[in-house]
Amino acid sequence: TMLPHPRAPKSLLAFLAAAGIASLLFAVTNNGKQRYPSHLRTSTIENIPVTDTSANHRRQLGSLNLALFNDPKSVITKSDAPIKDDLENNVAARSAVEVTSEHFTPINHESRNNCQIVYIMGVEGATHRDFIPIIENLARNQIDTTSNAPYSVDTNPTALKSGLFGWYFNRTIRKQWGFKVAPEVDDPALVQRVVHESCPNDGKKHVLIEWATFPSGRRDDYRSYRVHRAHEWLAMSPEEVADSEEASNHPTDIEAFYRAYSPYVDIKFVVLHRPFLETIASRKDWDGGPVIHSNIIRGFMLVLRRFLDTHLFDLITGRRLWSLVCVDRITAKNYDGEKELAEARGRVLNQLAEFLGWPSGDCEHCFDGWNKNTEDPIEVLGKKTVPILREHMKWLERVWPPPGEEGIAEQLCEM
């Protein structure tokens, strides 16, 4: 008679998970070759950009839980992975944590299959408003291969905006959802409410398109951001902006958003880059003028780059989490003729469809509303300002734009 296999002790599971993390990190830190500028890193590790390892107890548990159930290729790039010098202490601390079922967020694959968030990510002035119709039209051209129904596309997902940014507090968060105070972005009850309202179980695939820029709005913005644009940024260097608590949570805590929503939603980031002088020229009167505005924008470029470098792959599927779009590669002034332009745009659409997991990249009218602005940013900014901004561009080398995928010409962006 076969005896039942005894259940492994919980402490043993924790130890095995920690040991697995240690071995994976050892391999990565010894094989990595790329070196990063110092401001891309906030720890002493040379080969992988990671943030402070004194993460709170909840984030440590989250990293351990995901390590137990997901592709280890993605786990080792996370920002709260222990750095080489502190590996032994981190493993010991994590081994001491008793792993119980309440620490795990089960992956709802049915929900993920039917609910997708496409976040168009970039700084102010990166042409978000002009790019939204491209993604929207491409999404509306899709037919779900399971249900044979068109995608349900929402370019103004109000429930998601409430969840991510704290908008519509009185109308939605307090009156409809019953929260007395604005919950954090990763509050479990808030997350499930947002997903339930945004992606009902109606047999359709729902695509939510979000695009709030980094940073967003004005300091006196009427919208109820959890964290508004900070006045203090006006006197800060880009590094100081990026390291500030306010910037980490404005317009939302992107790390907390991804961790909290990814068990229920397929999240994809489409990263927009527009040439730097054009970006600054489009908001030249903001923040007291283009030079200070450039400091703040560069600070948020650093915020985004740190996130992107530590989140290359989705924790659930192991596929790319973000993809780069170079605005200059879809703009007519950079091509010799309509045929060359159309071919390049077609390749970009096919790349986006493949990245997003959509069946087709065909979209005849995707670029009908694309902004064809040919204004010279040097004339807009003025000859006295441009040399200063060109010095700022030197600071951005190896920071922004982030690197595109190897072999894709349309992801070689103009600085």
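Start with the ring cluster: select Tyr119, Phe214, Phe257, Tyr261, Phe269 and Phe307, which ring pairs link together. Two rings of Phe, Tyr or Trp (its six-membered ring) pair if their centres lie within 6.5 Å; planes under 30 degrees apart are stacked, over 60 edge-to-face, and the rest tilted. This is a predicted model, in which local features need pLDDT of at least 70 and side-chain atom pairs count only at pLDDT 80 or more, while totals for chains, interfaces and linings use all residues. Residues are numbered from 1 along each chain as its sequence is written, and side-chain values use heavy atoms, without hydrogens and water.

The whole structure holds twelve aromatic pairs. Go to Phe257 and Tyr261, a tilted pair with 5.3 Å between centres and 55 degrees between planes. They sit four residues apart in helix α12 (residues 254-261), so about one helical turn separates them. Helices here are DSSP runs (H or I, at least four residues), as are strands (E, at least two), numbered from the N terminus.

Next, select Phe269 and Phe307. This pair is edge-to-face, at 5.4 Å centre to centre and 80 degrees between the planes. Phe269 is in strand β4 (residues 266-273) and Phe307 in helix α14 (residues 290-309), so the pair ties together parts 38 residues apart in sequence. Phe269 counts as buried at 0% relative accessibility; Phe307 does at 5%.

Now look for charges over rings (NZ of Lys or CZ of Arg within 6 Å of the ring centre and within 35 degrees of the ring normal). Lys268 lies over the face of Phe355, 4.9 Å from the ring centre. Finish at Trp286: the charged end of Arg283 sits over its ring, 5.7 Å from the centre.

Technical notes
Buried means under 20% relative accessible area, exposed over 50%, partly exposed in between (1.4 Å probe, protein chains only).
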